[in-house]
Amino acid sequence: MTRVMDAPRIVTTKPLVVVRNVDKNYGSVQALRQVSALVYPGEVLGIVGESGSGKSTLLRMMNLEETPDSGSYTLDLSDVSGNLFELDRFARRMLCATRIGIVYQNPHHGLLMRHSSSGNVAERLLVAGERSFATLRAKAKSALAASEFPLERLDAPPIELSGGMQQRVQLAKAIALEPALLLLDEPTTGLDVSVQALVLDTLKRLQQERQITMVIVSHDLGVIRTVADRVMVMRRGEVVEAGLVDQIFQDPQHAYTQQLVHAKL
Amino acid sequence: MTNVLDIRGLTKGFIMHHLGSKMQAFADVSFSVDAGEFVLLKGANGAGKSTLLRSLYRSYLAQSGQILFQSDHGLIDLAQAADIDIAHLRRTEIGFVTQFLVARPRVSAEAVVAEPLRMAGVNAADALDQARHWLETFGVKPELWRAYPTTFSGGEQQKVNLARALIRPQKLLLLDEPTASLDANARAALVTRLADLKSGGTAMIGVFHHPGDVEKLIDRVIDLTPETRTEVVRDDVAI
């Protein structure tokens, strides 16, 4: 059932992300049980499941915000090696600031609400060591443009922006350093439908034009169906089924996946 | 003739957990398809024609049997292959034409059509040129090329769908009622394109409500009706 770990015969590229046998307990609650996942360069892996299924916990682990009780996590990058869960705090922070981008469900999560939007994006570049004001401004502008942020509002602070606009600032911040991996935690929840479409369209374009590898968590199956290439279905901390997006939606195997797919409006 | 596909003992059923029941779609289907060959699947509604096509494309998971595909990378069993390999083959060697367009919000018709070429590494301008050529061939009006197909009529959507599915030659092409809801001109353009692809060596397996549309292309008919499952060669085709 766990096709997500099947070894390919034709595709010779190594997976960018390898998560193996991750276990995580919070007291007596088992949040993740023997969870494994592979993500190949340029693909979008969708993770679905009900609240409490462990999908967001897994995503936060990929962003190194949490450490599991056991298991390993590697990224196939030239300057990164070994089990990333074993990195110290400083190394984790640098890795997340430079190679991994994340967009949270809450549009203003991680934003400095009273700084300018371009300043918010530039801050990420500063962490990575960029110091030239002109370069900072130019790179921030280009990341905001790629996220379809209206450029006449570059200097507006997020506090003056709508949720959809804030989400785009978050996205620009996440992609400013051209991360190897982009993590998205319910990126469209709480946005109105037209803004949702815009965000999804932007993600798809980023995948196609920049070949950014993404992992997206959502309880909205329509979102997953639109952007994901492969899907992992989680329940109670376990992966119950994984497969190509059309197979998961058209021929779900597990009783829980069938229940999820049939419940979609 | 080079063998492209060799299906052996393929069986597919669906387990409906909420009903606690199983439904058999087809069992023990075996046949092979050569390069440049056109195989028509026949059978009453529910005989499993579309289910078979979807199982070959791996939208459905077969329960048992083999789907041996002669890929550019060697022989591979599509029933067992890793998802990532299937995704790769869909981008490069295996095409699927359905009756339904999967349109994404805010993506123009020409971008939808150009996408398979873009994924194959063709530059944006060339991909767009070719996309427009095929939209024109299938009879989509130029003023619609930059519009979003989500709002198009069924027939127009189907044309966009065909242009997208047939824009690049594939080794294996699966056709699920591609002529449904098409006008006569678009049907003619489709038959011409299929004939070109066929003579270029594309192997095709198709389901057609009105097989008369593609009569000249058919080499073989396979009847999936369980009691009468037979294979008929072109000379005595009865459609």
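Biologist: Which element of chain A has the lowest mean pLDDT?

Modeller: This is a predicted model; local features need pLDDT of at least 70, side-chain atom pairs count only at pLDDT 80 or more, and totals for chains, interfaces and linings use all residues. Residues are numbered from 1 along each chain as its sequence is written, chains are lettered from A and ligands numbered from 1 in the order written, and side-chain values use heavy atoms, without hydrogens and water. pLDDT is the predictor's confidence in each residue, from 0 to 100; elements are DSSP runs, helices (H or I, at least four residues) and strands (E, at least two), numbered from the N terminus. Strand S4 (residues 70-75) of chain A has the highest mean, 97, and the lowest, 81, belongs to helix H6 (residues 193-210) of chain A.

Biologist: How much area is buried between domain 1 of chain A and domain 2 of chain A?

Modeller: The domain assignment, automatic or from a database, gives domain 1 (3-99 + 180-262) and domain 2 (112-178) of chain A. Buried area is the accessible area (1.4 Å probe) that two parts lose on being put together, summed over both. Carbon and sulfur atoms give 60% of a total of about 1,400 Å².

Biologist: How many salt bridges are counted between domain 1 of chain A and domain 2 of chain A?

Modeller: The rule wants a side-chain nitrogen of Lys or Arg within 4 Å of a carboxyl oxygen of Asp or Glu. A:Glu148 and A:Arg205 meet in a salt bridge at 3.2 Å, N to O. Between the two domains, the count is two.
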